[in-house]
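Biologist: I would like a close look at a single part of this model, the aromatic ring pairs. Please describe them and what lies around them.

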Amino acid sequence: KQWYQRRVRAEWESCSFSEDHNCRHSEDVFLNCNPTDSEWPPFTLVDSEGNEIEGEEQGLLLYKWGTVCDDSFNATAANAICKYMGYSEATDWTVDESFDIQSNFQIHLDDVECSSENWESCSFSEDHNCGHAEDVFLSCYSEEEENPTQDDSALVWTTAQHDIPAEFATNCALKVVTSGSSWLPPPGTGAPPKTNWNGDVRVLAGDEEMLL
């Protein structure tokens, strides 16, 4: 896959051409297009062949399809970029020139400085004074939520009643009732039970349910 170092902005209406020719098929043109700026994801990770990869793999970091220079880059910037891409945090970042394709890219980002792990806090320059030996490689980590319902046979329906604080109570004996599912761990594992609230809330006055 060939990457172009320059993006040519041109309107087809400005072009001249002939529908007659004196050519052979050995002169046929093959074309690979870059997306417009609006279609460019701000950050992408690619492998040694230029294919986009998931963040859990370490890859060459691209910004608008150009490399990122390591000037001022640190762990805070790495975490900010991983979070911007939808991951939890960075697992590693390094500087290298190990991919042959790096010289096919322009360097699009330099002097990245972040005051927090939020990309909105970062300053940067799209001008640079770098070489590709300073290109950033990055890998990210995505923390998946634990699923408390792995074993359906361990699911039981649970309801809980919560007394209204005394200062808000009346002689109607108000109670709030919530419902959800509990996961009971296998015997002997020592794991605590877990409860998922299903969003159901009822208010009772004595034995009568009140409409919310």
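Modeller: Rings of Phe, Tyr and Trp (for Trp, its six-membered ring) count as a pair if their centres lie within 6.5 Å; planes under 30 degrees apart are called stacked, those over 60 edge-to-face, and the rest tilted. The model is predicted: local features need pLDDT of at least 70 and side-chain atom pairs pLDDT 80 or more, while totals for chains, interfaces and linings use all residues. Residue numbers start from 1 along each chain as its sequence is written, and side-chain values use heavy atoms, with hydrogens and water left out.

Ring pairs join Phe43, Tyr63, Tyr84, Trp119 and Phe124 into a cluster. In total, the structure has eight aromatic pairs. One of them is Tyr84 with Trp119: the ring centres are 6.4 Å apart and the planes stand at 65 degrees, so this pair is edge-to-face. It links distant parts of the chain, with Tyr84 in helix α1 (residues 75-84) and Trp119 in the loop between β5 (107-114) and β6 (122-125), 35 residues apart. Helices (H or I, at least four residues) and strands (E, at least two) are DSSP runs, numbered from the N terminus.

The two partners differ in exposure, where buried means under 20% relative accessible area, exposed over 50% and partly exposed in between (1.4 Å probe, protein chains only). Tyr84 is partly exposed because its relative accessible area is 41%; Trp119, at 11%, is buried. A second pair is Phe99 with Phe137, whose ring centres are 5.0 Å apart and whose planes are at 80 degrees, so it is edge-to-face. This pair too links distant parts of the chain: Phe99 sits in the loop between β4 (89-95) and β5, and Phe137 in strand β7 (residues 136-141), 38 residues apart. Phe99 and Phe137 are both buried.

Now the packing. A nonpolar core is a set of buried Ala, Val, Leu, Ile, Met, Phe, Trp, Tyr and Cys residues joined through side-chain atoms within 4.5 Å. The largest has 22 residues, and Trp119 is among the members that touch the most others, together with Leu61, Val68, Phe73, Val112 and Leu138. Two or more residues of this core come from each of β1, β2, α1, β5 and β7. Helix α1 gives the largest share, five residues. Another core, apart from this one, has eight residues, including Phe137, Leu60, Leu62 and Ile101.

Helix α1, which carries Tyr84, has Ala77, Ala78, Asn79, Ala80, Ile81 and Cys82 buried. The cover over the buried residues of α1 includes β1 (43-46), β2 (59-63), β4, β5, β6 and β7. Contact means heavy atoms within 4.5 Å. Beyond residues up to four places away in sequence, Leu138 touches, among others, Ala78, Ile81 and Cys82, as well as Leu45, Leu61 and Trp93. At the start of α1, a side-chain oxygen of Asn74 comes to within 3.1 Å of the backbone nitrogen of Thr76. Just after α1, Gly86 has a positive phi of about 100 degrees.

As for the setting, the protein chain has one helix and eleven strands, in the order β-β-β-α-β-β-β-β-β-β-β-β from the N terminus. Of its 212 residues, 28% count as buried. Among contacts between residues at least 6 apart in sequence, 64% join residues at least 24 apart.

Technical notes:
Polar contact = N/O pair within 3.5 Å; in protein donor to acceptor, adjacent residues only side chain to side chain.
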